[in-house]
Amino acid sequence: MVIAEGDTSTRQVRLSREMVQIAIAAVLLLVGGFSSVVTGLLVKGSTYHADERLVSDNEDLKSELVSVQTRVDTLRESLEGLYAKDEQYRLIAGLTPMDSTVRQVGVGGPGGDVEETGALSDLSSLIRRAKLLSFSWREASDTLTDRYDRLESMPSITPTRGYVTSGFSKSRMHPLLAFARPHTGVDIVANTGTPIVAAAKGRVRFVSRNADYGLSVEIDHGYGLVTRYAHTSATLVKVGQQVDRGDTIARVGQSGLAVGPHLHYEVLVNGRQTNPARYLLDLSVVPD
């Protein structure tokens with residue numbers, strides 16, 4: 001029914017069921033088509049902006065990779081300089097310089113389950129080489145530390161100021177006993193009270209009197225080395241005390257079997273007396 005405004009006349013229009021269905025379908029198609037066009041435009045705009053962001057992000061990544069590669073190159077140059085220093089340190093420590101093939105550890109070698117390329121591969125290689133360098137330096141440092149400790153513990157100076165009157169001998173006529181027997185040290189004649197110093201760093205293991213040696217001191221230097229200072233007039237250290245080379249430990253005397261004031265000085269290696277002359281160096285070449 002169609003009623004005109006302001007007109008009392010009324011018109012009646014009849015539509016078949018098929019026409020109504022066609023009209024509804026047409027409207028739905030129009031609405032669907034319009035929606036697709038709008039959606040396509042929106043998606044296209046979103047994709048355009050996403051592409052712009054990807055391009056921008058890729059440029060940033062390229063710039064960052066260039067920066068990383070520059071740093072990797074700088075690290076490589078630094079490592080080469082450190083390897084040169086490492087060779088010097090190993091030679092000073094008495095160690096064999098690192099072989100060139102060993103120095104290149106990880107270069108072209110296995111880097112894990114995932115294949116690495118470019119800056120990432122270079123960085124992994126440098127990390128492995130740096131770890132090797134760290135191990136080498138630690139080995140050289142430990143060797144030098146041990147060697148320095150051995151040098152500090154090595155008897156090397158004359159323990160008192162005086163004159164050597166009797167040396168190390170397998171058979172020497174004893175001035176008091178009047179028969180020959182081994183002389184297991186050196187005798188250094190000096191005035192009574194002359195200071196006696198430790199020949200090297202160590203720990204005092206004995207301070208007491210002995211029938212032959214009289215009042216004496218023994219110092220354990222480690223590494224199987226012991227020094228003995230006999231016929232003293234006074235001792236200035238206690239058992240267990242740590243001493244350094246040059247510390248005053250006693251004073252010259254003539255206690256025990258001694259003719260006149262002097263120091264009887266012995267060096268024992270693994271419990272056996274050895275010639276102390278091997279351990280008496282010029283004072284001018286002994287470091288403090």
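These questions and answers go through a predicted model of one protein chain.

Trainee: What makes up the secondary structure of the protein chain?
Mentor: The chain has three helices and 14 strands.

Trainee: Why is Tyr89 called partly exposed?
Mentor: Its relative accessibility is 35%. Buried means under 20% and exposed means over 50%, with partly exposed in between. The value for Tyr89 is 35%, so Tyr89 counts as partly exposed.

Trainee: Where is Tyr89 found?
Mentor: Tyr89 is in helix α1.

Trainee: What makes the nonpolar surface patch?
Mentor: Leu82, Tyr89, Ile92, Trp137 and Leu144 make a patch of about 420 Å². A patch residue needs over 30% relative accessible area. Tyr89, at 35%, therefore passes that cut-off.

Trainee: Which helices supply at least two residues of the patch each?
Mentor: These are α1, which spans 17–92, and α3, which spans 118–153. The largest share, three residues, comes from α1.

Trainee: How much of the protein chain counts as buried?
Mentor: Of its 288 residues, 27% do. The accessible surface of the chain is about 18900 Å², and 58% of that belongs to carbon and sulfur atoms.

Trainee: What is the mean pLDDT of the protein chain?
Mentor: The mean is 77, and 69% of the residues reach 70 or more. Over residues 106–116 the pLDDT is below 50, and this stretch has nine contacts in the model beyond near neighbours in sequence. Residues 283–288 also stay under 50, with eight contacts beyond four places in sequence.

Trainee: How should predicted coordinates be read where pLDDT is low?
Mentor: They should not be read in detail.

Note on methods
Residues are numbered from 1 along each chain as its sequence is written. This is a predicted model: local features need pLDDT of at least 70, side-chain atom pairs count only at pLDDT 80 or more; totals for chains, interfaces and linings use all residues. Side-chain values use heavy atoms; hydrogens and water are left out. Helices (H or I, at least four residues) and strands (E, at least two) are DSSP runs, numbered from the N terminus. Buried means under 20% relative accessible area, exposed over 50%, partly exposed in between (1.4 Å probe, protein chains only). Accessible areas come from the Shrake-Rupley method with a 1.4 Å probe; for residues, only the protein chains shown count as cover. pLDDT is the predictor's confidence in each residue, from 0 to 100. Contact means heavy atoms within 4.5 Å. Patches are made of residues with over 30% relative accessible area and no salt bridge: like charges are joined within 9 Å, nonpolar side chains (Val, Leu, Ile, Met, Phe, Trp, Tyr) within 5 Å. A salt bridge is a side-chain nitrogen of Lys or Arg within 4 Å of a carboxyl oxygen of Asp or Glu.
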